[in-house]
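Here are my notes on the model you sent. Please read them with the structure open.

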Amino acid sequence: MTSPESGLPFTDTAGAWVPHGRFRLAPSGTGPLDGLRFAAKDLFDVAGHATGAGNPDWLATHAPAQATSPVIARLLAAGAELHGKTITDELAYSIQGENVHYGTPLNTRAPDRVPGGSSSGSAAAVAAGLVDFALGTDTGGSTRVPASYCGLWGLRTTHGLVSAEHMVPLSPLFDTVTWLAADASVFERVGQTLLPEPAGLAWSSAVVLSDACIQADAVFQPLLRAVARTLETGLGLPVGNAPASDTDLEQWRQTYVTVSAYDAWQTHGDWVTRVQPAFGAAVAGRWKMAAAVSAQAAAQASAEQARLRAQIHALLGRDTVAVLPSASSVAISRTADPLTVDQIRANTFRITSIAGLAGLPQVNIPFVGADGLPAGVSLLGPAGSDLALIRLAVAVGRQLAAIGAEAQPSAALAAMAK
């Protein structure tokens, strides 16, 4: 039955949808996604509907979309039904999951904690079981972090592999199209619909990124060991340990922040300057910082990006997978003070900047840690290995689910990795 206040076939118990995004669009064909419901982050265009990008001033200054995102069109053609648009952090410029205009969606798996962002509404909708999967984006961690916080399968795709046409950008140099799902088989089916088959890829080895692992809280450590052990003993891949590069991850973070901020300002600076939109304090601070990045600083950071990118590409080669945390902490308390949030954010960006600067795919495997909260471990693969990486991650999750509590602190993984 359709909920009269929302136009959706249910009540939005997670506070995940934007007011202008409460609509449905029937499948345009039949295929591998028949019967599945999905939502789209309010960055994706749907012809005839407004795209709000998480900010009412953006909504007021942009006409309804004239065309539909090719990703949405492909999902509809494969048999899925679109259930409207979900909340995003403003212009996707956050990994926290809070929006001063539309609210903070509910993280049903940790109700007193944020869902993570900027794909906050998409993660919340999936975690609450209101849709089977949801489209998100990931620039600096905007799907990997919510997936970890909410206990979902999620990923960052290889940069440029999935079309970002008819999607509001943040930083085109780093923006990627993503999705989240609670069920591993659904997650993989979406991947089979949107991703090309990697030619001739056979995984030969795995490496645990030691410098990334030490950025994460203690609750992640047994989960990282469980994944490494499963890759080696369960799936036959020799596992080693190595840093992502010879450079401290704080340098990775600073490089990412500089290049992406400059790119974001080149993308939206004119609109921000002209419209003077009302932003939440944290997002406003980021735009102020972005406006101050000089072309010279951006060029120097871009050169450093190229050096760091080459090092992680060399480490992975064509057939090595890396293991690392998806975030530095479990979901942050809704009442955490700004200093704590900023410290956790910096730690997390030291991890997420690896795939971001390198343009590589990364898949989150959902776990429940010893504290009972979701915590994700990721697999990072070579460029273009996305579909094979999903299959490997799902195989790891299923093996760990099958042996339950003997593999890690909580048997609740079995419910998440089905």
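Helices and strands are DSSP runs, numbered from the N terminus; a helix has at least four residues and a strand at least two. With those labels, here are the points to check. Bear in mind that this is a predicted model.

1. **Confidence.** The average pLDDT of the chain is 94, and 95% of the residues score at least 70. Two stretches need caution. In residues 1–5 the pLDDT is below 50, and this stretch has 13 contacts in the model beyond near neighbours in sequence. In residues 405–418 the pLDDT is also below 50, with 39 contacts beyond near neighbours in sequence.

2. **Asp12.** Asp12 sits in the segment before strand S1 (37–41). Is Asp12 buried or exposed? Its relative accessible area is 16%, and the cut-off for buried is under 20%, so Asp12 is buried. Leaving out residues up to four places away in sequence, Asp12 touches Trp17, Arg22 and Leu130. Asp12 and Ser119 are 107 residues apart in sequence; their C-alpha atoms are 16 Å apart in space.

3. **The cis peptide.** Look at the bond between Gly117 and Ser118. This peptide bond is cis, with omega about 5 degrees. Most peptide bonds are trans. Ser118 belongs to the loop between strand S2 (81–86) and helix H3 (120–127).

4. **Ala92.** The loop between S2 and H3 also holds Ala92. Ala92 is not a glycine, yet its phi is positive, about 65 degrees. Most residues other than glycine have a negative phi. Ala92 has a relative accessible area of 5%, so it counts as buried.

5. **Gln96.** Gln96 is another residue of the loop between S2 and H3. Its relative accessibility is 10%, so Gln96 is buried. What does Gln96 touch, not counting residues up to four places away in sequence? The list is Asp89, Val114, Pro115, Gly116, Gly117, Ile332 and Val341. From Gln96 to Ser142 is 46 residues in sequence and 8.7 Å in space, C-alpha to C-alpha.

6. **H2 against H5.** Helix H2 (residues 70–77) packs with helix H5 (residues 184–194) at an angle of about 115 degrees. Their axes are 10 Å apart. The range for roughly perpendicular is 65 to 115 degrees, so H2 and H5 fall under that heading. The crossing of H2 and H5 is right-handed. H2 contributes Val71, Arg74 and Leu75 to the contact, and H5 contributes Val190, Thr193 and Leu194. By class, the contact of H2 with H5 has 4 nonpolar residues, 1 polar and 1 charged.

7. **H8 against H9.** Helix H8 (249–275) and helix H9 (281–291) pack at about 100 degrees, with their axes 8 Å apart. H8 is therefore roughly perpendicular to H9. On the H8 side the contact is made by Val257, Ala261, Ala264, Trp265, His268 and Val272. On the H9 side it is made by Trp287, Met289, Ala290 and Ala291. How many of the residues in the contact of H8 with H9 are charged? There are no charged residues; 9 are nonpolar and 1 is polar.

8. **Gln276.** The loop between H8 and H9 contains Gln276. Gln276 has a positive phi of about 55 degrees, although it is not a glycine. Is Gln276 buried or exposed? The relative accessibility is 59%, and the cut-off for exposed is over 50%, so Gln276 counts as exposed.

9. **Leu235.** Leu235 lies in the loop between helix H7 (221–234) and strand S7 (239–242). With a relative accessible area of 29%, Leu235 is partly exposed. Leu235 touches Thr230, Leu392, Ala395, Val396 and Gln399, leaving aside residues up to four places away in sequence. Leu235 and Thr247 are 12 residues apart along the chain, and 31 Å separates their C-alpha atoms.

How values were computed: Residues numbered from 1 in each chain as written. Predicted model: local features only at pLDDT ≥ 70, side-chain atom pairs only at ≥ 80, totals over all residues. Heavy atoms only, no water. Buried < 20%, exposed > 50% of the residue type's maximum accessible area, 1.4 Å probe, protein only. pLDDT = per-residue confidence, 0-100. Contact = heavy atoms within 4.5 Å. Axes fitted to C-alpha atoms, helices over the stretch in contact; angles between N-to-C directions. Parallel < 35°, antiparallel > 145°, perpendicular 65-115°, else oblique. Left-handed = near helix turned anticlockwise from the far one by under 90°. Nonpolar A, V, L, I, M, F, W, Y, C, P; charged D, E, K, R; others polar.
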